[in-house]
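Here are some notes for a colleague who is opening this entry for the first time. Please read them with the sequence and the model side by side.

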Amino acid sequence: KVTMGRVIRSQRKGAGGIFTSHSTHRKGAAKLRTLDFTERNGYIKGLVKQIIHDSGRGAPLAEVAFRNPYKYRIDKELIVAVEGLHTGQFVYCGKSAQLAVGNVLQIGKMPEGTVVSMVEDKFGDRGTLARASGCYATIVGHSEDGKKTRIRLPSGARKTVSALSRAIVGIVAGGGRIDKPVLKAGNSYHKYKAKRNEWPKVRGVAMNPVEHPHGGGNHQHVGHPTTVGRSAPAGQKVGLIAARRTGLIRGGLKNLKGAKDE
C-alpha cells in the first residue's frame, strides 16, 4: 500500500526506537509505600538514609528505610524529597501519623490550607500528583461526610479526590530550577541528553511541505489556523491539538481559576 507524504516527526516518536527515554542511569520509580494494614490503621516509622540525585529529574529523591512489618528485613523506598527533609530524619507514614514535614498521611486527616505533594489521585496508587521540583498541592476543603477532599493542583485547577488518598506534607525540593537562565545551547544539550532525544527541535515552518503541515511557502509562515481537532489523522495532528481556547490569558490567573471552578 503506497501512501502520499512523509511520515512526520510526531508519528515517528510514537514508534519509540531512538526516541525512547534514557533510563539507564535512573534510580527507580519514586512512589509511596504500598498501602498495607499498618498504614491503614496506625503508623510506621522510616529513616531517611540518603538524599540522591536522579538522572533526568529536577527533584531529588530520598531513600527511606522501613522495617518490614511481617518479615525480618529492611524495606527501602524511594520517595520524592520535600524541602526540609534531611538524612537521619525519622518520617512517619500512616493514618495516625502527625502533621509534620516529610510525614505521609491521609489528606482527609489534614486541615484546610495544608501544603502537600506526591498526592494520590486514586486511593492507593502511591502518589501521582504534584511530584515535580518546587511543586505542591494545597488542601482547599473537605466534604461534609468526610469521604472526599478538594485540592488545588500546581496548575491552579481544583480536583476532588478520596479523603483516604495519602500525600507527603511539604513542598517538593529543588524549586526555582527554571529561574536560572539556560544561557547557552550546551546547557540544553546536557539537560535533554539525560531525558530523551528531543533536542534540538526544528520548527515546522522551517521544513518543506512534505515534512510538516506548517512547511513550505515563500516566507516562513503557517498560512492557516494552528488549531487541529482531536480526531485529526496522525500526519496532520500538529500545533494546538483540541484547543478549548488560544492566546494570552487576559487579566491574570484569577480569571482562569474562576473559569475552572465553574
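1. A polar contact, as the term is used here, is a pair of N or O atoms within 3.5 Å; within protein, one must be able to donate a hydrogen and the other to accept it, and residues adjacent in sequence count only if both atoms are side-chain atoms. With that in mind, the side chain of Ser133 reaches the backbone oxygen of Gly174 at 3.5 Å.

2. On provenance, this is a predicted model, in which local features need pLDDT of at least 70 and side-chain atom pairs count only at pLDDT 80 or more, while totals for chains, interfaces and linings use all residues. Residues are numbered from 1 along each chain as its sequence is written, and side-chain values use heavy atoms, with hydrogens and water left out.

3. Confidence is expressed as pLDDT, the predictor's confidence in each residue, from 0 to 100. The protein chain has a mean pLDDT of 93, with 95% of its residues at 70 or more. Confidence is highest in strand β2 (residues 61-67), at 98, and lowest in helix α4 (residues 253-261), at a mean of 54. Where pLDDT is low, the predicted coordinates should not be read in detail.

4. For the overall picture, the protein chain contains four helices and twelve strands, where helices (H or I, at least four residues) and strands (E, at least two) are DSSP runs, numbered from the N terminus. Its C-alpha atoms fill a box of roughly 70 × 45 × 45 Å along the principal axes. Of the contacts in the protein chain with a separation of 6 or more, 57% are between residues 24 or more positions apart, contact meaning heavy atoms within 4.5 Å.

5. Burial is judged by relative accessible area: buried means under 20%, exposed over 50%, and partly exposed in between (1.4 Å probe, protein chains only). Buried residues make up 33% of the 262 residues in the protein chain.

6. Returning to Ser133, this residue lies in the loop between β6 (115-117) and β7 (137-142), and counts as buried because its relative accessibility is 14%. Leaving aside neighbours within four places in sequence, Ser133 is in contact with several residues, among them Gly58, Ala59, Val172 and Arg177.

7. Is Thr138 buried or exposed? Thr138, which has its place in strand β7, is buried, since its relative accessible area is 12%. Not counting residues up to four places away in sequence, Thr138 touches Gly113, Thr114, Arg150, Ile151 and Arg152.

8. Asp36, in the loop between α1 (9-14) and α2, is buried at a relative accessible area of 13%, and its side chain makes a polar contact with the side chain of Arg33 (2.8 Å). Phe37, in helix α2 (residues 37-41), counts as exposed at 54% relative accessibility; apart from neighbours within four places in sequence, Phe37 is in contact with Gly42 and Tyr70.

9. Most residues other than glycine have a negative phi, and most peptide bonds are trans. Here, a cis peptide bond joins Trp199 and Pro200, with omega about -5 degrees, and Pro200 is placed in the loop between α3 (185-193) and β11 (227-228). Arg126, in the loop between β6 and β7, has a positive phi of about 75 degrees although it is not a glycine. Leu183, in the loop between β10 (166-169) and α3, has a positive phi of about 70 degrees and counts as exposed at 80% relative accessibility.
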